[in-house]
Amino acid sequence: MPAVHQGEPSKLAIFVMVARRSGPHLIEATIVPALLFYAGLLTAGLGAAYLAALSWSYAALVRRVVRHQPVPPILVIGVIGITVRTLVAVVSRSAFVYFFQPVLASVAMGGVFLISVAVGRPLIATLAGEFWPLTPEVTARPGVMRLFRRLTLLWAAVNLASAALTTGLLVSLPLGPFLAVKQLSGLGLTAGAVCLTVSMSLRTARREDLHTGPSPLPLLAALPEPLPSERLAF
């Protein structure tokens with residue numbers, strides 16, 4: 001294991017920071033609706049499951065608006081996603097369609113990541129600037145640009161793997177077991193990708209001597225929260 005520079009947080013500390021930042025929003029926007037959907041499905045059927053998940057999402061949004069609290073982007077995207085999914089599923093009268101829609105979103109997101117690398121503008125470079133003020137001098141470094149390309153390819157692979165995994169589970173498992181296995185496997189896949197992101201960013205920060213700046217690891221701001229497709233896929 002590489003040595004940690006003085007004042008530089010460990011990989012575990014960084015992972016905990018990421019979890020603390022995104023964990024509560026992830027639980028509110030995806031995990032709780034998934035649990036309510038499952039409970040509604042077991043107790044009152046598919047219609048009640050749709051209603052329970054949709055009601056929670058809108059209640060969480062309205063509560064923040066009424067209290068004049070900041071509305072996390074993950075919650076906004078989650079509400080939009082679950083609304084569209086529910087409407088399409090109700091119109092089509094198919095639970096399969098409800099859970100297959102995030103697969104299409106994951107494939108589309110994976111394609112966007114791959115295209116951004118192909119045109120020389122890796123998407124992770126744009127996301128990093130949204131969460132931490134990276135100077136043009138830092139982002140122009142060849143080592144940093146290589147990191148952005150590799151992270152973009154990593155998250156393209158994560159999205160495509162998530163799509164393939166969800167499709168396989170959806171066609172091979174009953175609805176109840178699918179919900180449990182999909183939630184656990186999706187969280188595991190995302191956690192593994194975040195760990196890789198932290199490790200790759202740490203190595204680049206050390207190599208580029210960035211650990212002495214205002215933030216010891218500014219490159220890790222690229223992915224403080226789950227990506228859109230993961231936010232919607234419960």
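**Starting from one alanine**

Modeller: Alanine 89 touches Tyr50, Ser94, Tyr98 and Gln101, leaving out residues up to four places away in sequence; contact means heavy atoms within 4.5 Å. Before we go on, this is a predicted model: local features need pLDDT of at least 70, side-chain atom pairs count only at pLDDT 80 or more, and totals for chains, interfaces and linings use all residues. Residues are numbered from 1 along each chain as its sequence is written, and side-chain values use heavy atoms, with hydrogens and water left out.

Colleague: Is alanine 89 buried or exposed, and why?

Modeller: Alanine 89 counts as buried because its relative accessibility is 1%. Buried means under 20% relative accessible area, exposed over 50%, and partly exposed in between (1.4 Å probe, protein chains only). You'll find alanine 89 in helix α3. Helices here are DSSP runs of H or I, at least four residues, and strands are runs of E, at least two, numbered from the N terminus.

Colleague: OK, how many helices and strands does the protein chain have?

Modeller: Nine helices and zero strands. Of the 234 residues in the protein chain, 44% count as buried.

Colleague: Which residues have the most contacts inside the largest nonpolar core?

Modeller: They're Phe113, Ile124, Leu151, Leu154, Trp155, Val158 and Met200, in a core of 17 residues. A nonpolar core is a set of buried Ala, Val, Leu, Ile, Met, Phe, Trp, Tyr and Cys residues joined through side-chain atoms within 4.5 Å. Helices α4 (95-118), α7 (142-172) and α8 (175-207) each supply at least two residues of this core. With eight residues, α7 gives the most to this core. Apart from it lies another core, of twelve residues, and your alanine, Ala89, is among them, as are Ala49, Ile82 and Tyr98.

Colleague: What does methionine 200 touch?

Modeller: Methionine 200 is in contact with Leu147, Arg150, Leu151 and Leu154, if you skip its neighbours within four places in sequence.

Colleague: And where is alanine 156?

Modeller: Alanine 156 is in helix α7. It's buried because its relative accessible area is 1%. Gly110, Phe113 and Leu114 touch alanine 156, not counting residues up to four places away in sequence. Alanine 156 and valine 107 are 49 residues apart in sequence, with 8.7 Å between their C-alphas.

Colleague: Switching to the outside: which residues form a nonpolar patch on the surface?

Modeller: Val76, Ile80, Val84 and Val88 do, with about 300 Å² of accessible area together. Patches are made of residues with over 30% relative accessible area and no salt bridge, where like charges are joined within 9 Å and nonpolar side chains (Val, Leu, Ile, Met, Phe, Trp, Tyr) within 5 Å. A salt bridge is a side-chain nitrogen of Lys or Arg within 4 Å of a carboxyl oxygen of Asp or Glu, and accessible areas come from the Shrake-Rupley method with a 1.4 Å probe, where for residues only the protein chains shown count as cover. Isoleucine 80 is in helix α3 (residues 73-92). At 52% relative accessibility, isoleucine 80 counts as exposed.

Colleague: Last one: which phi does histidine 68 have?

Modeller: A positive one of about 60°, although histidine 68 isn't a glycine. Most residues other than glycine have a negative phi. Histidine 68 is in the loop between α2 (46-66) and α3, and it counts as exposed because its relative accessibility is 73%.
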